[in-house]
Amino acid sequence: MPNFTFARANAGKLASAPLYAFGWIASLVVRRRPNLWVFACGSGVGEGALELYNHARESNRSLRLVWLARDRNELAEARRVGLTVALRSGWRGFRLTLRAGVIVVTHGLGDANRFGTRGAYIVQLWHGIPLKKIQLDSPTTFRSVAPRLLRALYRRSASAIDFVPAASPTSAARLRSAFGLPESRVAVTGDPRDDVVLRDARPARELLAKAIGDYGTERIILFAPTWRDGDPDPVIPTRAEWEELAAFLESTASVLVIRPHPHSASNYHSGLGISSRIRMLPAAVQGDINPVLPATDVLVTDFSSIAFDFALLGRPIAFLAPDVDRYSATRGLYEPYRDFSGGSEVSTWSDVIALLANSAALARLARHAEALASKHQTFRDGRNTERVYEEILTRLGKRE
């Protein structure tokens, strides 16, 4: 049973109407503190929110920075990495959100305490360059008994966003459309979450080894499919495919690291007993995937925005998408899938193996990754977080 679907989340939002009303009234009488910034991320400690938190702390010691955690596990993780932290739920999380001058999120206002956001300066970092349609652009966003009401509520919520950084003009156009924002609220600064991808690979290899076990100098093939709103992934290998993969991994000194989406309803564990070269990297072990990308040699994915992040490394990306027609029709994409994949998509694991076993095909996939990065990543200097921070300060100054 998936732990998240749009329909379930939307039902919860509608049921919380009295708390929204209470927060709105409280925001009329509680004064916000410009030097208090709260940060939160829908996937845990990481993403662009963590990058921006650390940069702001180093740049201005007079700021009071607080990370809002979803649960006790995230609370402990935030403390482990040296963050000032509080639980987002409950009275303290509400008060911190209600008093913060700046709120930084990566998924939605619910990353923080959603009932206390009115009146703050809201920075929506988002969690990747959109390929699949999101927010106001996607019909799946409004799965509920009251889709028209939900669309109006989403639009109203999005209108509160003050600033959205974008990785490129192409990404900026998609984000403006998705959130219904004017051009002035979206700026091409680069995405803070991508700075870690361009750093030294040694910490990435150590982090990956800690998560999946020692892998020596073996080639790392990362499989990271996207979320299908509660439906199982269509590419879970059969017994024969697991065995074919195991033989390929053995013959090429490779390790296959499987990274299901955090909300995935799929089970890949049957492959673990077939070969020690098949490992799992669940979100519960490594929440933010970008810090381990520098340790990855080849990426296999479908519609996930991880392809745009990994493309910064100029390494091969294989696209495995047997349901491309159905997914494109139901979820919707911002560009034809063949443009995204370079026309290289395949539909079976046997096809993937054939690609990865062919040096000419790997070179072609690497060239397409470079093309993706050129189109979708304006900056590749590792200073996106710095630009976003300076842009926030500039915009806050104009606002005052």
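This is a predicted model: local features need pLDDT of at least 70, side-chain atom pairs count only at pLDDT 80 or more; totals for chains, interfaces and linings use all residues.
Me: Can you give me residues I can click on? Which residue stands opposite I278?
Reply: I278 in strand 10 stands opposite L256.

Me: Is strand 8 buried or exposed?
Reply: Mostly covered: six of its six residues are buried. Both faces are covered, with R219, I221 and F223 on one side and I220, L222 and A224 on the other.

Me: Why do the numbers skip like that?
Reply: In a regular strand, side chains alternate between the two faces of the sheet.

Me: What about helix 9 and helix 13, how do they pack?
Reply: At an angle of about 10°, with their axes 10 Å apart; helix 13 covers residues 349-356. Angles under 35 degrees count as roughly parallel, so helix 9 and helix 13 are roughly parallel to each other.

Me: Which residues make that contact?
Reply: From helix 9 you have E241, E244, L245 and F248, and from helix 13 there are W349, S350, I353 and L356. By class, the contact has five nonpolar, one polar and two charged residues.

Me: New topic: how many salt bridges does the structure hold?
Reply: It holds 19. One of the pairs is R202 with D200, where the closest N and O atoms are 2.6 Å apart.

Me: Are R202 and D200 buried, partly exposed or exposed?
Reply: R202 counts as exposed because its relative accessibility is 52%, and the cut-off for exposed is over 50%. D200 has a relative accessible area of 40%, so D200 is partly exposed.

Me: Which salt bridge partner does E218 have?
Reply: The side chain of E218 meets that of R277, at 2.4 Å from N to O. The pair links distant parts of the chain, 59 residues apart. E218 is in the loop between helix 8 (201-212) and strand 8, while R277 is in the loop between strand 9 and strand 10.

Me: How do E218 and R277 count for accessibility?
Reply: E218 is partly exposed at 22% relative accessibility. R277 is at 15%, so R277 counts as buried, the cut-off for buried being under 20%.

Me: Which residue does K375 form a salt bridge with?
Reply: That would be E335, with the closest N and O atoms 3.4 Å apart. K375 lies in helix 14 and E335 in the loop between helix 11 (324-330) and helix 12 (337-341), so the pair ties together parts 40 residues apart in sequence. E335 is buried, with a relative accessible area of 8%, whereas K375 counts as partly exposed at 42%.

Me: Which residues are linked in a network of salt bridges?
Reply: R228, D233, D302 and D323.

Me: Last one: what's the strand order in the sheet of seven strands?
Reply: The order is 3-2-1-4-5-6-7 in an open sheet, with parallel pairing. Its edge strands are strand 3 (85-87) and strand 7 (186-188), each pairing on one side only. Within the sheet, strand 5 (residues 121-124) and strand 6 (residues 161-166) pair over two bridges in the parallel sense, and F163 in strand 6 is the bridge partner of V123.

Me: And which helix packs on that sheet, touching strand 2?
Reply: Helix 4 (residues 72-80), which touches strand 2 (64-69) and strand 3 and makes about 175° with the direction of strand 3.

Notes
Residues are numbered from 1 along each chain as its sequence is written. Side-chain values use heavy atoms; hydrogens and water are left out. Two strands pair if DSSP finds at least two bridges between them. Helices (H or I, at least four residues) and strands (E, at least two) are DSSP runs, numbered from the N terminus. A salt bridge is a side-chain nitrogen of Lys or Arg within 4 Å of a carboxyl oxygen of Asp or Glu. Buried means under 20% relative accessible area, exposed over 50%, partly exposed in between (1.4 Å probe, protein chains only). Axes are lines fitted to C-alpha atoms, for helices over the stretch in contact, and angles run from 0 to 180 degrees between N-to-C directions. Angles under 35 degrees count as roughly parallel, over 145 as roughly antiparallel, 65 to 115 as roughly perpendicular and the rest as oblique. Contact means heavy atoms within 4.5 Å. Ala, Val, Leu, Ile, Met, Phe, Trp, Tyr, Cys and Pro count as nonpolar, Asp, Glu, Lys and Arg as charged, and the others, Gly among them, as polar.
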